[in-house]
Amino acid sequence: MPKVLYRIYVIELSKRVYTENTKFRTANPQFNGVLECLYVGMTSKMPKERFKQHKTGYRNRKGHKISSNIVEKYGLYLRPSLYNHIDPFFTREEALIAEKQITLELRRERYAVWSN
């Protein structure tokens with residue numbers, strides 16, 4: 001069994017991201033303003049710890065910023081009801097594929113979604 005598991009997490013964003021961020025708005029033409037704006041991510045940490053890293057603009061040991069600017073500025077809180085049903089993944093590659101799939105699924109449900 002691998003030592004590292006990768007988890008998907010979802011963060012609710014302030015709806016201001018839709019009006020203030022052109023890239024976010026362009027990526028979500030299906031959004032009608034009714035549902036929430038979300039960020040979908042993948043991590044080897046626990047979602048709470050990763051959310052805290054985003055909000056503080058965390059940099060790794062080499063000095064590289066590994067937090068999302070969108071979450072740092074607009075992130076409100078974790079949305080466990082949108083990811084708790086997803087089992088952890090054994091490889092980073094599987095988790096990245098799942099992150100993309102979940103992003104697309106949430107967009108189909110009319111959420112405005114960002115992922116990296």
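**Ground rules**

I worked on a predicted model, where local features need pLDDT of at least 70, side-chain atom pairs count only at pLDDT 80 or more, and totals for chains, interfaces and linings use all residues. Residues are numbered from 1 along each chain as its sequence is written, and side-chain values use heavy atoms, with hydrogens and water left out.

**Entry 1: R79**

I started with R79. Where does R79 sit? I found R79 in the loop between β3 (75-78) and α5 (92-108). Helices (H or I, at least four residues) and strands (E, at least two) are DSSP runs, numbered from the N terminus.

Next I asked about exposure: is R79 buried or exposed? R79 is buried, at 15% relative accessible area. Buried means under 20% relative accessible area, exposed means over 50%, and partly exposed lies in between (1.4 Å probe, protein chains only).

Then I looked up contacts, meaning heavy atoms within 4.5 Å. Leaving out residues up to four places away in sequence, R79 touches V10, E12, E36, L38 and Y111. I also checked R79 against L104: they are 25 residues apart in sequence, and their C-alpha atoms are 17 Å apart in space.

**Entry 2: salt bridges**

Side chains of opposite charge can pair when their charged atoms come close. I used the salt-bridge rule: a side-chain nitrogen of Lys or Arg within 4 Å of a carboxyl oxygen of Asp or Glu. How many salt bridges does this rule give? The count is 4.

I took R79 and E12 to begin with. Their side chains meet in a salt bridge, 2.8 Å from N to O. This pair links distant parts of the chain, 67 residues apart: R79 is in the loop between β3 and α5, and E12 is in strand β1 (residues 7-13).

I then turned to R79 and E36. Their side chains form a salt bridge at 3.7 Å, N to O. Again the pair links distant parts of the chain: R79 is in the loop between β3 and α5, and E36 is in the loop between α2 (22-27) and β2 (37-43), 43 residues away. E36 is partly exposed, with a relative accessible area of 24%. Salt bridges with shared partners join E12, E36 and R79 into one network.

I noted another pair, E20 and R16. Their closest N and O atoms are 3.5 Å apart, and they form a salt bridge. What separates E20 and R16 along the helix? They are about one helical turn apart, because 4 residues separate them in helix α1 (residues 16-20). E20 is partly exposed at 44% relative accessible area. R16 is also partly exposed, at 42%.

**Entry 3: E12**

I went back to E12, in strand β1. E12 counts as buried, at 10% relative accessibility. I listed its contacts beyond four places in sequence: E36, C37, L38, Y74, G75, L76, Y77 and R79.

The side chains of E12 and R79 are also joined by a polar contact of 2.8 Å. A polar contact is a pair of N or O atoms within 3.5 Å; within protein, one must be able to donate a hydrogen and the other to accept it, and residues adjacent in sequence count only if both atoms are side-chain atoms.

**Entry 4: the largest pocket**

I looked up the largest pocket. A pocket is an open set of points on a 1 Å grid over the protein atoms alone, where a 1.4 Å probe fits, with protein on both sides within 12 Å along at least five of seven lines; lining residues have an atom within 4 Å of a point. Its volume is the space filled by probe spheres set on the points, which are joined across faces, edges and corners.

The largest pocket holds about 340 Å³ of space. It is lined by 18 residues, and M42, T43, R50, I66 and R92 are the closest to its centre. β2, α3 (47-56) and α5 each supply at least two lining residues. Which element gives the largest share of the lining? That is β2, with 4 residues.

By class, the lining has 6 nonpolar, 8 polar and 4 charged residues. Ala, Val, Leu, Ile, Met, Phe, Trp, Tyr, Cys and Pro count as nonpolar, Asp, Glu, Lys and Arg as charged, and the others, Gly among them, as polar.

I checked R110, in the loop between α5 and β4 (112-114). Its phi is near 85 degrees, a positive value in a residue other than glycine. R110 is partly exposed, at 40% relative accessible area.

I ended with G57, in the loop between α3 and α4 (69-74). G57 is buried, at 15% relative accessible area. Not counting residues up to four places away in sequence, G57 touches K65, S67 and E72.
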